Amino acid sequence: MKLQKDFSEVLTRPVFEVLQKAVAESNDKSYVIGGFVRDHLLNRSQKKDIDVVALGSGINLAITVQKKLEGAKAVQIFKTYGTAMVHWKGIDIEFVGARKESYSKESRNPKVEPGTLEEDQNRRDFTINALAISLNPENYGSLIDPFNGLKDLEKGILRTPLNPDITYSDDPLRMLRAIRFATQLDFTIDKASFDAISRNANRIDIITKERIVDEINKILMTQKPSKGFVLLEKTGLLQRILPELIDLKGVEEIEGQRHKDNFYHTLEVVDNLCENSDDLWLRWAALLHDIGKAPTKKFKPPIGWTFHNHEFVGAKMTYKIFKRLKMPLNEKMKFVQKMVFMSSRPIIIAEEQVTDSAIRRLVFDAGPFIDDLITLCEADITTKNPERFERYHNNFKIVREKIILVEEKDHLRNFQPPISGEMIMKFFNLKPSKEIGLIKEAIKEAILEGEIPNEKEAAFEKMKEEGKKLGLIFHEKAI
Ligand code: ATP
Ligand code: MG
């Protein structure tokens, strides 16, 4: 990879000029380090985070910088960590004192002492994240690269500055970071690192669920998450984080009939989806859409392999997974559940000529998420048969067109019954009773079948007709 080694444009930006002045006034040597330097070298879209490490007090430097940046918000100080944050014009600058760390077995929180730049670089996760740019008067702008991070950037390799077994065991979160960076940057994990991750995979258990999910989300937000999930699987990490996905692995054959490997199928669906949607939660839905297939798998001659009710089981598993991983159990979880639960519905439609009423029912059931559902189902088309591939996609195109027509006419997406229960009670002079439910249901069915439009007047006539069938009495005056 060709690197952007010229920092001159960066170094003349107002924020860097202020950093330079502040460092010159303080007696502490300071450096920009980590993600900012890496991403500039890689020519990745400019990030708004700058990490500064000071050989001394990062907090004091932050205070000096804040005073020089007009309009900067008050410095946020995190005493326990010895760090400070300055926000200015949408840029976050984080200051930290250089440190060395020593770890205990039980925790990823180290004992921290002040250290040299070299010691600070040593404790960083990867050589490509240890690159530093000097902010000091004697060598402003020069690159400090003690571990050949530049070479690794050029070659696209993730390597730890120290012995990888120590690096990963000290802070097992780094194993996930390695896989996340490999996926984000499309880099290779150095063999020694990969082996060390595989050996230390069980150490992931000391990492909080929130941190783990953070990294999984970052992997899911890349262009091709499959790369990350394959690495998670190969290193043994996935087994400890999402064993339900591992259960989808493998192909069984009975009486010459095979089913597909639902693990690799799932990853293909996720990658497909990522081409058409940036929605993290829809990406989660793609990841979990077949999760119910492992526990429901049966071989039933003469049909062959069946996964009866796997959508329902999968929706239940979705809740359990979210709960176990301490993910939000709010409307996001419900959305993922709904997508998983409905994920097979449009397939049937895609395989055959679709009727209007099937479309109406689909729109009614999916509600505001109908477009997401179709996007998911399109991603689910992984057949290697070009003729079928073409036909399924075409049918979904027709489905999308029909949805628009149904929508224009009947607004089923946010269906509100045109006749309320109260209206029915009043009209037939009824107390709360099952007849009301029956009439409401009949009206809804008539609308979904396309028998009547989704309008008050037509629904009113339908109500009268249904009332008559049930032997209810009304007076025209009641209208
Ligand atoms: P991004 O912000 O795109 O995720 P980044 O490299 O900036 O990437 P941060 O989490 O913001 O990552 O961390 C900033 C820097 O701190 C990293 O570049 C790395 O040098 C160091 N770092 C972060 N987390 C760890 C860790 N768990 N172990 C060692 N070093 C770390
Ligand atoms: Mg960062």
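Which backbone N or O atom lies 3.2 Å from a nitrogen atom of ligand 1? I found that this atom belongs to Asp125, and I call the pair a polar contact, which here is a pair of N or O atoms within 3.5 Å.

I noted that this is a predicted model, in which local features need pLDDT of at least 70 and side-chain atom pairs count only at pLDDT 80 or more, while totals for chains, interfaces and linings use all residues. Residues are numbered from 1 along each chain as its sequence is written, chains are lettered from A and ligands numbered from 1 in the order in which they are written, and side-chain values use heavy atoms, without hydrogens and water.

I then looked up two further contacts: an N or O atom in the side chain of Arg174 is 2.7 Å from a nitrogen atom of ligand 1, and a backbone N or O atom of Gly35 lies 3.3 Å from an oxygen atom of the ligand. Of the 580 Å² of accessible area that ligand 1 has on its own, the protein covers 79% (Shrake-Rupley method, 1.4 Å probe).

Next I listed the shell, whose residues have a heavy atom within 4 Å of the ligand. Ligand 1 is surrounded by 16 residues, with Arg38, Asn129, Asp171, Arg174 and Arg180 the closest. I sorted the shell into twelve charged residues, three polar and one nonpolar, where Asp, Glu, Lys and Arg count as charged, and Gly as polar.

Last, I traced the shell to helices (DSSP runs of H or I, at least four residues): H3 (35-41) and H8 (173-185) each supply at least two residues, and H8 gives the most, with four.

Technical notes. Polar contact = N/O pair within 3.5 Å; in protein donor to acceptor, adjacent residues only side chain to side chain.
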